[in-house]
Amino acid sequence: MAMREFAERGADLELVGIHKRFPGFTAIEELDLTIPAGSFFALLGPSGCGKTTTLRLVAGLDEPTNGRILIGGTDVTATRSHERPVNTVFQSYALFPHMTILENVAFGLRRRRIDDPAGKAHEALRLVELDHLAQRRPQQLSGGQQQRVALARAIVNRPALLLLDEPLGALDLKLRRQMQLELKAIQEEVGLTFLHVTHDQEEAMTMADTVAVMNKGRIEQMGAPEELYELPRTAFVANFLGQSNLFTGDVVGATDTAIAVDAAGSRIVVPAARAQRHSGQVTVGVRPEKVELHREQPAAEADRNLIGPGVVTDVSFSGVSTQYLVEIPGAGRVLVFAQNISFGPAAAEGDRVWVSWAVEHGFGLEDTPDEARFQADASTSAIAAQHRDALVAELEEH
Amino acid sequence: MAMREFAERGADLELVGIHKRFPGFTAIEELDLTIPAGSFFALLGPSGCGKTTTLRLVAGLDEPTNGRILIGGTDVTATRSHERPVNTVFQSYALFPHMTILENVAFGLRRRRIDDPAGKAHEALRLVELDHLAQRRPQQLSGGQQQRVALARAIVNRPALLLLDEPLGALDLKLRRQMQLELKAIQEEVGLTFLHVTHDQEEAMTMADTVAVMNKGRIEQMGAPEELYELPRTAFVANFLGQSNLFTGDVVGATDTAIAVDAAGSRIVVPAARAQRHSGQVTVGVRPEKVELHREQPAAEADRNLIGPGVVTDVSFSGVSTQYLVEIPGAGRVLVFAQNISFGPAAAEGDRVWVSWAVEHGFGLEDTPDEARFQADASTSAIAAQHRDALVAELEEH
Amino acid sequence: MAFAAFATAEAQPQAPRKRSAIALVLLAPGIAYLVLFFLTPLVSLLLTSLQVQSEFGDIGEFDYAFNWQNYVDVVTSYWPHILRSFGYALVATVLALVISYPIAYFIGVKARSKPLLQGILLVLVIAPFFISFLLRTLAWKQVLSDESFIITSLKALSLMAPDAHFTGTPFAVIFGLTYNFIPFMTLPLYTTLERLDLRYLEAGGDLYASPATVFRKVTVPLSMPGIVAGTLLTFIPAAGDYVNASRDFLGGPGTQMMGNVIEANFLVLLNYPAAAALSIILMAAILILVGIYVKRSGTEDLL
Amino acid sequence: MIPIVYTFVFSFNDSVKSNIAWRGFTFDKWLNVCNVEGGAVCQAFGNSIVIGLVATVLATTLGTMIAIALVRYRFRARSAISLLLFLPMATPEVVLGAGLAAQFLAVGVPKDMVTIILAHTMFCISFVVVTVKARVASLDPALEEAGRDLYGSPSQVFWRVTFPLLLPGILAAALLSFALSFDDFIITNFNSGSVSTFPKYIYISAARGIPAEANVIASAVFLFAMILVITVQVSRAAREKRLAKLG
Amino acid sequence: ACQSGPRPKPTPAADRSDGDPTVRWANWAAYIDEDDDGNYPTLQAFTEATGISVDYQVAVDDNNTYYGKVKDQLALGQDIGSDTVCLTDWMVARWIRFGYTQELDHANMPNLANLNPALRDPDFDPGRTYSVPWQGGFGGICWNKEAIPGGITRVSDLWDPSLKGRVGVLSEMRDTMGCIMQDLGTDIAGDWGDDEFTAAIDVFREQVDRGQVRNIKGNAYLEDLKSGDTLAAICWSGDITVINAEAGDKWEFALPVGGGTLWNDNFLVPVGSPRKSNAERLIDFYYQPEIAAEVAAWVNYITPVEGAKEAAMAIDPELAENQLIFPNADTLEQAHVFRGLTAREEQKYQTQFQSILLGV
Ligand SMILES: Nc1ncnc2c1ncn2[C@@H]1O[C@H](COP(=O)(O)OP(=O)(O)OP(=O)(O)O)[C@@H](O)[C@H]1O
Ligand SMILES: Nc1ncnc2c1ncn2[C@@H]1O[C@H](COP(=O)(O)OP(=O)(O)OP(=O)(O)O)[C@@H](O)[C@H]1O
Ligand SMILES: NCCCCNCCCN
Ligand SMILES: [Mg+2]
Ligand SMILES: [Mg+2]
């Protein structure tokens, strides 16, 4: 059967109406997703939002409560894990502790009786720069090295669809960037389909063709990285993917091209095309790197929003850029990033400043304002914990 | 004794000629360090470089092979751990699994028979926003919550010196930033001395008054964050603290104010004050955010270094900024960061470009060029693993 | 619970500590105890095994000597028992393993999500510990005696030859050994299987291994420490057991094991040197077998 | 299971001497356990309990000390000591029993409760070490360090941190010791002299038919243990449930 | 196990009987009168008569295994947990040789006058200084009447293929070998040697090897008869009456055609016992003819007490005719005493015999 061969090219993945309920907890609400063959797809989301669950369904390690899974057009919903042309790089690596690194990597090849498993395994190990450790056991490697072995063990099978569950989480920044480049190269070279789960937004954005942001078992928004970043549709996405300055107010004027919002006295104009809703109370925002800081009140310009004055409450140097926190009465806190092209901070704590940005950089959210709070801590992980407890209790009653 | 009291202010910490040898492995070569009372000191370095070891020596959990440790001017080298006015937030939290959160936090207070331990513990828990979980056990908390408990358990003792070993490693970005602000607030409010170990450069730079970069058991460079970032003295620091473009070549001209280096045909000028060495073969560098990208050859300017043309080999969008990788024949790869103020990339893959930066932004390293390779993987952790094997073998012979 | 006893210490790399007087204080009493009550007897057993019969002594009187001939004698007279002991113990161990593995797997893996069921099953496994094993063995003897309901119905159904019987046969002894040592096999298996990380099994499936291959290539190797601990805890006492094979319990004259021979020489024939020599042989043989086994299964650090 | 059920059922047999054939149902045996043969069963049972308890305390104490030392300190004789600890487990009971018996005889120690206790302690130590060692090894040294860092003196750290954390392991070891001691026959048989223990009582009476009273005692022990374990199990489940609700 | 050379004899314990009205008696199974409730009527009578309570221990299954259990304590002169034990002549001889018994005070045992004169001066204990007979008996054959309605008459009938795997023999060498040797025509009381013994051993081994013999046990052979595991066996005369009473009238005993064995079991007081005089009073009690008869009526063994037969007449005339209890000369003619063995012979023959028990 086809399984005996390496995949020549990636396969489409299609999830249709997927729903996954664990006893007492619904992990995936209603998921429809198509990932075209050969693309690099990133699934991004906070802890506990259902990313791993999604991958497990695709890999066949769990069964969906409802819905169908198609790989390369074939319905595999009922196909067992070891018969799917899918490999996974597990979040926990799951390297076999009783085998050497080489045996680990060759495991899948041997199961499919592919020629020269050892040779191919060595090659995969060279790719992740670990061939010199082929004879060690997993316990003898550092976390980062283990992660690379897990990668090699999956890649070596050239699966039509590769699932990566936080494959780089344990690597330090340096190595992480390097592995990102290599992963990308492998994917492009072989044309495989990658489904990559991560909580590192920068990783998702730099690597993927398409990014989906998941929250509480649903996909909130999906698209090309720049698109998502430039035009977040919900407060959740606006704040999960990078940081945003958000302002809420009523629409006080709308033309064909723009809407104007009154945010506690400051008038903020957003291009109509970049705003999801054009009337009523809306939330609008702008990215901190798009905001400019002024020590003196600048002249008002038609194509710039200007608010202030406010007071700088915090300045912090982060290397590449300096971050300013400006407290503006009415508008709240505004975050400003300024790339450190010249020396020394542009403003100091306590300075009186104005902030401005080009109208074209603003965006308007779809959320109604009462949804528009991004709760950092009462996040899905806390909710998940509660649900798990409820579940345990439920189980024990039976 | 003084231990019965809360520290009223931080204490100086002085390490004099510290040397720590484990059987078969020297973890700390020769360490001299003074941390003034009330300051926030960050120790930064790659895995296995000796950060935790340093903290353990200060806490009295290990003894230095040589050297003296002074806290608040008193030599504590021979003082036992529980008698030092020091508390530690352990890298692994080390919460007592058999006690509730509250009992954990009150443990140190009770040992010193301080009044109203429970009340004070509750207060500390409120500080880290976990008072509602006071009756749980550590196993019932998430990693991030555990870390905050560890923090509370140390802070509640108001030690003259607080040692923090990667106290925020398990937190997600959002919570991490929040805890950083709180830590900083606590430190400033009480005026304690903080010795903070981290491998997150951004964290070190945003929080600390002084940052020390450690490598292989030595401190490579130490200073205020901006200073370190602007003027790294070694290739290690230049690349560990942010990223750098480095060029090696002979000094071909030197005036009082500047030196000129010939890097494979490109002439690069660096201010003499910013160069550690002024003759022979030297390595000079510039930060990627200081570099500007030109689609057309700009006119040469006296106060700008200009190299090129080269080809853009990679463009990646990371949200706040876009990163370009430019391959310039002779000079090698140059990394350029451009803050995303306007839409769309300034250059595309394959474009022919020039890069330039202001002379005043360049820096010259102290390293001789053969030291100037930063080896990402043959890092201290691999070396440490080897040494540990050797050590085990040695022990077993006895 | 007691089953933790069979847990194999996870090899956790720990910072080596310096030598200390505390270590001595901690070790001294226990080690002295073992030297006094284990090592010394062993040495005197060794000396006894070399004694000769007193020239004009009465029955049971011996003199110290260096008579290694005793070893030759006992091996010549009792080699069938030596083989039988190890044979029975081996078969019983294999049977116990075959029976226990599925039980332990079920309790440790399948019942993992149902703690109450898991607890109850475990209790059932250790239940035999609480009824004296002699009583249990006697109960079997009664239940399977020739006139018992089970045997007579087997005979009536022609599942057993009319003149066949159960007690007194090697089958009965092996049956008894297997039954009595099943908890010793199940518990260590359970403790390893309980900690078996299911993600390895998933990874196996993900890498194209069928469930049977996953079992062979992943589950079994990963539960090796439990298998080794269980087989040792079963094999060693089984090889030295004399209760099951005893003629008063499940055995007969054709099923006597080394333990019975040692007992007979010690208590009936009063031939202490022979008994001692046999003991030493039994122990040495077990040590050698265990050594080879543990080496081959690569679990030396268990010891 | 069959033997257990059999034992239980026959504890109600209205037998006179040997308890082989079913002769009718009676509660008498349960009511008058200690009344046969001058209470020999009960006395044997009592001896077994006392021996089990004392041997358990001794073996658990000595074994725990060794386990801590083995995991926490490095010393020269380590491997020799490990061997010395493994040997008793690898030695068949006959050999242990016979060897020790010979030794007591040579030294002229009279065999009584004390010799049984000494013998039981000996073979229990190794099991305790194995059990507790696993626990000590999985104990994070950082916890003790945290204790010291938080102003705990060495003894405070031991009693407030180390000991409570080792406790489950120690209890498991104690339980195992008790079970091993209580059910031991072979070693006891060689070293007990005329002292009777429960297994020995059964072995001896096996020759002439075991009185139903033995079944009564065994069944009672069994029931007691089951009730204990199930209570612990259920109350733990209940506690977890409570905690879960709290969360 | 390590003493070398002839050992010093242990010193007898001091007698504490006065302050301690108890006595512990170790005996064989089915060897005393016992009622349906498990009480021992004659012992109750003894306690009533003397105020001494008795701890009656059914602790002897076989002479050798019992000796094996207590020998170490005896050698040290320690209390073995019994104040008097009933063992067979040859074993009693060994105890006396080793000094493991206490000298009896005949003054405390006036009823000893009733001792059968034939038993007064055995060669191992002239004048009965150390031992006093309890019961005598025959070793012979027995069978399950339901399974073998035709019965059996000789030892070789046990080897009949129809009984394969259902035959029990005794672990007492003298009874088992004695019966087999006589079946082969050897006079066991006479001057036989290795050849005769070996010939019998060969027969015995063959039967064990081919699975004819199911089991070889001490007094526990009764359990096998009762459970049905054995249908025929070499047994002790009185036991059969006892199990018939206990488990239905199913079995029958006979002296085999070739001849059975004859033996005596004797009271003795172990060196370590601190209650010698209580033991003596117990012995004395059983030398009252009425008491002896009452025991005999139960156990069906040969009583050594003169006058018991007369007393038995009073209870049940049929009893007095029972050849197993009051054998006449003809009956005695069919049974013989196993000749005495030297220590070397004992060791040699026991080893051969044991090797069969162990299935070599
Ligand atoms: N077997 C299960 N039974 C009940 N709930 C479960 C089970 N497995 C997962 N969940 C819940 O489903 C939700 C989704 O879990 P999942 O592992 O997919 O999260 P994730 O997005 O991968 O998070 P992370 O980034 O932390 O890995 C979580 O809230 C989790 O608690
Ligand atoms: N007890 C020891 N014996 C031998 N070597 C040791 C011991 N403890 C630490 N080391 C070695 O000393 C070096 C410094 O270790 P340390 O724990 O201080 O590193 P670190 O800088 O804290 O690293 P990380 O960031 O990974 O926590 C490492 O190479 C380590 O392997
Ligand atoms: N049930 C009483 C049997 C007594 C047997 N005595 C031993 C005789 C040895 N020849
Ligand atoms: Mg996940
Ligand atoms: Mg560290």
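Visitor: How many bridges join β1(B) to β4(B), and in which sense do the strands run?

Guide: β1(B) is joined to β4(B) by five bridges, and the two run antiparallel. Two strands pair if DSSP finds at least two bridges between them. Helices (H or I, at least four residues) and strands (E, at least two) are DSSP runs, numbered from the N terminus. Within this pair, His19(B) stands opposite Asn66(B) in β4(B).

Visitor: What should I know about the model and its numbering?

Guide: This is a predicted model, in which local features need pLDDT of at least 70 and side-chain atom pairs count only at pLDDT 80 or more, while totals for chains, interfaces and linings use all residues. Residues are numbered from 1 along each chain as its sequence is written, chains are lettered from A and ligands numbered from 1 in the order in which they are written, and side-chain values use heavy atoms, with hydrogens and water left out.

Visitor: Which sheet holds β1 and β4 of chain B, and in what order do its strands lie?

Guide: The order is β2-β1-β4-β5 (chain B), an open sheet of four strands with antiparallel pairing. Its edge strands, β2 (25-35) and β5 (74-75) of chain B, each pair on one side only. Between β1(B) and β2(B) there are seven antiparallel bridges, and Glu14(B) has Thr34(B) in β2(B) as its bridge partner. These two strands form a hairpin with two residues between them, where Gly24(B) in the turn has a positive phi of about 85°.

Visitor: Which helix lies across β1, β2 and β4 of chain B?

Guide: Helix α1 (residues 51-59) of chain B does, running at about 115° to β1(B). Axes are lines fitted to C-alpha atoms, for helices over the stretch in contact, and angles run from 0 to 180 degrees between N-to-C directions.

Visitor: What is the strand order in the five-strand sheet of chain B?

Guide: That open, antiparallel sheet has the order β15-β19-β16-β17-β18. β15 (292-294) and β18 (332-339) of chain B are the edge strands, and the twist averages 45° from one strand to the next. Eight bridges pair β17 (residues 321-328) of chain B with β18(B) in the antiparallel sense; the partner of Val326(B) is Val334(B).

Visitor: At what angle do α10 of chain C and α2 of chain E pack?

Guide: Helix α10 (residues 258-268) of chain C meets helix α2 (residues 63-75) of chain E at about 75°, with axes 8 Å apart. That makes α10(C) roughly perpendicular to α2(E) (65 to 115 degrees). Contact means heavy atoms within 4.5 Å. Phe266(C), Leu267(C) and Val268(C) make the contact from α10(C), and Asn64(E), Thr65(E), Gly68(E) and Lys71(E) from α2(E).

Technical notes: Parallel < 35°, antiparallel > 145°, perpendicular 65-115°, else oblique.
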